[in-house]
Amino acid sequence: MIEAAMPAASGATEEVVLDAAGLTKHFPVRRGVRELFTRTRREVHAVDDVDLELRRGRVTAMVGESGSGKSTVARLLAQLHPRTSGVIRLHGRPVSVKGGRRFRAYCRRVQLVFQDPFSSLNPAHTVRYHLTRALHIHGRADAKPGDLLAQVQLTPPERYLEKFPHELSGGQRQRVAIARALAARPEVLLADEPVSMLDVSIRLGVLNLLRDLRNRLDLAILYITHDIASARYFADEMLVMYAGRVVEGGDSETVTQRAAHPYTRLLIDSAPDPDRVAAPTEEATGEPPSLIHPPAGCRFHPRCPHALAVCETEVPPRFELTETGHWTACWLYRPETG
């Protein structure tokens, strides 16, 4: 069963800390032998025209199947990939970071937690080394690594400081990775599928930890996931992404209970629910499209059971569904369609 998210801390100001407009990333495809003598250059349209806002004390979930571009969005916001177009603003000011001192200053405020904690931690170094180095890089050499472990509920810290990553469980490794991110005292935490590599039995503990940090530190969190059930449990707002484009957004309760876009309804029907009696409401055929040659118009139209003629030729704009911010990019909701 999908449970609703708990409200954010009452002291949250909901100030927009980080936002993006028209965020786009196209990756060039390496040329084969036949393409060496042509001028055409193929590209993977990983992310196209994504808008989002991350607010202080709030969790925004970005949901979609594998390959939809969610992780690329997180890496663009973390400045790990140069963007093809679009703008990223921190506290309303556009940012353009290419490394060096300015990159470190940006990283102090925007931190990324990777999906796989084992590959994101150096197996040759202890937990103490990882945390001490992070504190040193971010100008906090006087802080104690044990205090960071206490923040992520790894207590007593002395039990973990001298351990190597392979000596920890998956959940403990991810908590160490989160502690390392907290060494910078960030305002924004980009969590790229932080529980997908963990055992089901410990996923809830890590999500509850992130929620506790959100409340105590007033963080703005972007939660990347393919699991719409956990997104509803954990997030305040939700964005649904398909084939590089965001197709629906709003508060997580509304998106999951009154989903508008056919793809969102398909995701909800695919989530396990022991209380579900009725048959799924959506049936999509086919596979996700190639992002080297994405379909014209709405990218979901080749699989959509409700596709219109306009869906095949024109990209749908954003249609506002409620005054509270629920919207969808689907031609079924244009005014003349009803």
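A residue is called buried here when its relative accessible area is under 20%, exposed when that area is over 50%, and partly exposed in between, with a 1.4 Å probe and protein chains only. By that rule, 8 of the 9 residues of helix 10 (residues 262–270) are buried, so this helix is largely enclosed by the rest of the structure. The model is predicted, so local features need pLDDT of at least 70 and side-chain atom pairs count only at pLDDT 80 or more, whereas totals for chains, interfaces and linings use all residues. Residues are numbered from 1 along each chain as its sequence is written, and side-chain values use heavy atoms, with hydrogens and water left out.

**Overall make-up**

- The protein chain holds 10 helices and 12 strands, where helices (H or I, at least four residues) and strands (E, at least two) are DSSP runs numbered from the N terminus.
- Of the 338 residues in the protein chain, 49% are buried.
- Taking contact to mean heavy atoms within 4.5 Å, 66% of the contacts between residues at least 6 apart in sequence join residues at least 24 apart.

**Helix 10 and its surroundings**

- The buried residues of helix 10 are Pro262, Tyr263, Thr264, Arg265, Leu266, Leu267, Ile268 and Asp269.
- These buried residues pack against strand 3 (59–63), helix 8, strand 9 (237–242), strand 10 (245–251) and helix 9.

**Ala231 in helix 8**

- Ala231 is found in helix 8 and is buried, with a relative accessible area of 0%.
- Leaving aside neighbours within four places in sequence, Ala231 is in contact with Ala61, Val63, Tyr223, Thr225, Met238 and Ser252.
- Ala231 and Leu207 are 24 residues apart along the chain, and their C-alpha atoms are separated by 10.0 Å.

**Packing of helix 4 and helix 6**

- Helix 4 (residues 127–137) and helix 6 (residues 170–182) pack at an angle of about 20°, with their axes 8 Å apart; the axes are lines fitted to C-alpha atoms, for helices over the stretch in contact, and angles run from 0 to 180 degrees between N-to-C directions.
- That angle makes helix 4 roughly parallel to helix 6, given that angles under 35 degrees count as roughly parallel, over 145 as roughly antiparallel, 65 to 115 as roughly perpendicular and the rest as oblique.
- Helix 4 passes helix 6 in a right-handed crossing, the term used if the near helix is turned clockwise from the far one by less than a right angle, with left-handed used if anticlockwise.
- From helix 4, Val127, His130, Leu131 and Ala134 meet Val176, Ala179 and Arg180 of helix 6.
- By class, this contact of helix 4 with helix 6 has 5 nonpolar, 1 polar and 1 charged residues, where Ala, Val, Leu, Ile, Met, Phe, Trp, Tyr, Cys and Pro count as nonpolar, Asp, Glu, Lys and Arg as charged, and the others, Gly among them, as polar.

**Salt bridges**

- Side chains of opposite charge can pair when their charged atoms come close.
- With a salt bridge defined as a side-chain nitrogen of Lys or Arg within 4 Å of a carboxyl oxygen of Asp or Glu, the count comes to 16 salt bridges.
- Arg89 and Asp19 form one of these pairs, at 2.7 Å from N to O; Arg89 lies in strand 4 (residues 85–90) and Asp19 in strand 1 (residues 16–28), so the pair ties together parts that are 70 residues apart in sequence.
- Within that pair, Arg89 is partly exposed, at a relative accessible area of 25%, whereas Asp19 is buried, at 8%.
- Glu193 and Lys70 meet through their side chains at 3.9 Å, N to O, which links the loop between strand 7 (188–192) and helix 7 (200–217), where Glu193 sits, to Lys70 in helix 1 (residues 70–77), 123 residues apart.
- Both partners are classed as buried, Glu193 with a relative accessible area of 9% and Lys70 at 3% relative accessibility.
- Arg232 and Glu253 make a further salt bridge at 2.7 Å, N to O; Arg232 lies in helix 8 (residues 228–234) and Glu253 in helix 9 (residues 252–257), so the pair ties together parts that are 21 residues apart in sequence.
- Arg232 counts as buried at 8% relative accessibility, while Glu253 is partly exposed, with a relative accessible area of 34%.
- Salt bridges that share partners also join Glu15, Arg56, Arg109 and Glu187 into one network.

**Pro82 in a loop**

- Pro82 lies in the loop between helix 1 and strand 4 and is exposed, with a relative accessible area of 61%.
- Leaving aside neighbours within four places in sequence, Pro82 is in contact with Lys25 and Leu76.
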